[in-house]
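Welcome to the tour. Please have your viewer open and your selection tool ready; each stop tells you what to pick and what is there.

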Amino acid sequence: GVLGHVDSGKTSLARALSTLVSTAALDKNPQSRARGITLDLGFSAMVVPMPPRLLPALEAQVNGSATAVANAAAAASSSSSSSSLYGTEQLQFTLVDCPGHASLIRTVIGGAQIIDTIVLVVDVTKGIQTQTAECLVIAEILTSQLIVVLNKIDLIPEAQRQAKVAKMEKRLRKTFEQTKFGHDVV
């Protein structure tokens with residue numbers, strides 16, 4: 001799920017990553033367009049090549065046996081490319097673009113119920129804002145995986161960019177140390 005404060009760039013990030021979009025993706029709702037904010041959950045997806053290291057788990061899930069895990073691990077270690085052994089050479093990530101406005105927190109919580117990993121979008125020029133913090137609480141309750149994206153880096157003058165990003169990363173690390181994610185934030 002893609003979560004963060006209103007106007008942190010969640011929908012823009014989902015749009016940039018998406019290779020497949022549903023009819024409810026990327027603020028297609030006329031009210032969302034008129035108001036300039038996400039009002040509903042948006043669904044899109046990105047497809048990437050299947051990492052060979054995931055093949056053993058995939059076979060185990062399909063066949064449900066320890067032997068399958070051993071066989072797939074052996075096959076994966078002898079091949080350097082993705083395999084179509086299981087009928088797929090691709091991995092699909094479904095992106096759930098959640099609203100960032102405070103009045104839509106119930107929609108965010110409803111969307112979070114179907115999310116495995118949260119992508120927390122932080123506007124690098126503003127840092128953690130009210131809804132960013134609320135989304136972090138939701139992440140702590142509902143998932144064990146958190147990816148943080150510093151967005152809007154292009155708005156920082158190039159001469160100051162590296163220093164400001166490093167300062168924001170340091171501030172965010174201190175914040176995440178106080179959560180269940182600790183140092184495991186990507």
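Before the first selection, one term: buried means under 20% relative accessible area, exposed means over 50%, and partly exposed lies in between, all with a 1.4 Å probe and protein chains only. This is a predicted model, so to speak of its local features a pLDDT of at least 70 is needed, side-chain atom pairs count only at pLDDT 80 or more, and totals for chains, interfaces and linings use all residues. Residues are numbered from 1 along each chain as its sequence is written, and side-chain values use heavy atoms, with hydrogens and water left out.

**Stop 1: the whole chain**

Show the protein as a cartoon. Walking from the N terminus, the order is β-α-β-α-β-α-α-β-α-β-α-β-α. Of the 186 residues, 39% are buried. Contacts here are heavy atoms within 4.5 Å; among those between residues at least 6 apart in sequence, 75% join residues at least 24 apart.

**Stop 2: colour by confidence**

Now colour by pLDDT, the predictor's confidence in each residue, from 0 to 100. The protein averages 75, and 67% of the residues score at least 70. Which elements have the lowest and the highest mean pLDDT? Helix α4 (residues 66–77) has the lowest, at 48, and helix α7 (residues 158–177) the highest, at 94. Select residues 72–86 as well: pLDDT stays under 50 there, and the model gives this stretch 22 contacts beyond four places in sequence.

**Stop 3: the largest pocket**

Select G1, F93, T94, L95 and T117, which lie nearest the centre of the largest pocket, among 19 lining residues. A pocket is found on a 1 Å grid over the protein atoms alone: it is an open set of points where a 1.4 Å probe fits, with protein on both sides within 12 Å along at least five of seven lines, and lining residues have an atom within 4 Å of a point. The volume is about 480 Å³, meaning the space filled by probe spheres set on the points, with grid points joined across faces, edges and corners.

Next, highlight α1 (10–17), β3 (42–49), β4 (90–97), β5 (117–123) and β6 (145–151), each of which supplies at least two lining residues. The largest share, five residues, comes from β4. By type, the lining divides into 13 nonpolar, five polar and one charged; Ala, Val, Leu, Ile, Met, Phe, Trp, Tyr, Cys and Pro count as nonpolar, Asp, Glu, Lys and Arg as charged, and the others, Gly among them, as polar.

**Stop 4**

- H5 sits in the loop between β1 (2–4) and α1. H5 is buried, at 11% relative accessible area. Show Q131 too: a polar contact of 2.9 Å joins the two side chains.
- T11 belongs to helix α1 and is buried at 10%.
- K152 lies in the loop between β6 and α7. K152 has a positive phi of about 70° although it is not a glycine. Is K152 buried or exposed? At 18% relative accessibility, K152 counts as buried.
- L142 is in helix α6 (residues 130–142) and is partly exposed, at 31%. The C-alpha atoms of L142 and I115, 27 residues apart along the chain, are separated by 8.0 Å.

Notes:
Helix = DSSP H or I, 4+ residues; strand = E, 2+ residues; numbered from the N terminus. Polar contact = N/O pair within 3.5 Å; in protein donor to acceptor, adjacent residues only side chain to side chain.
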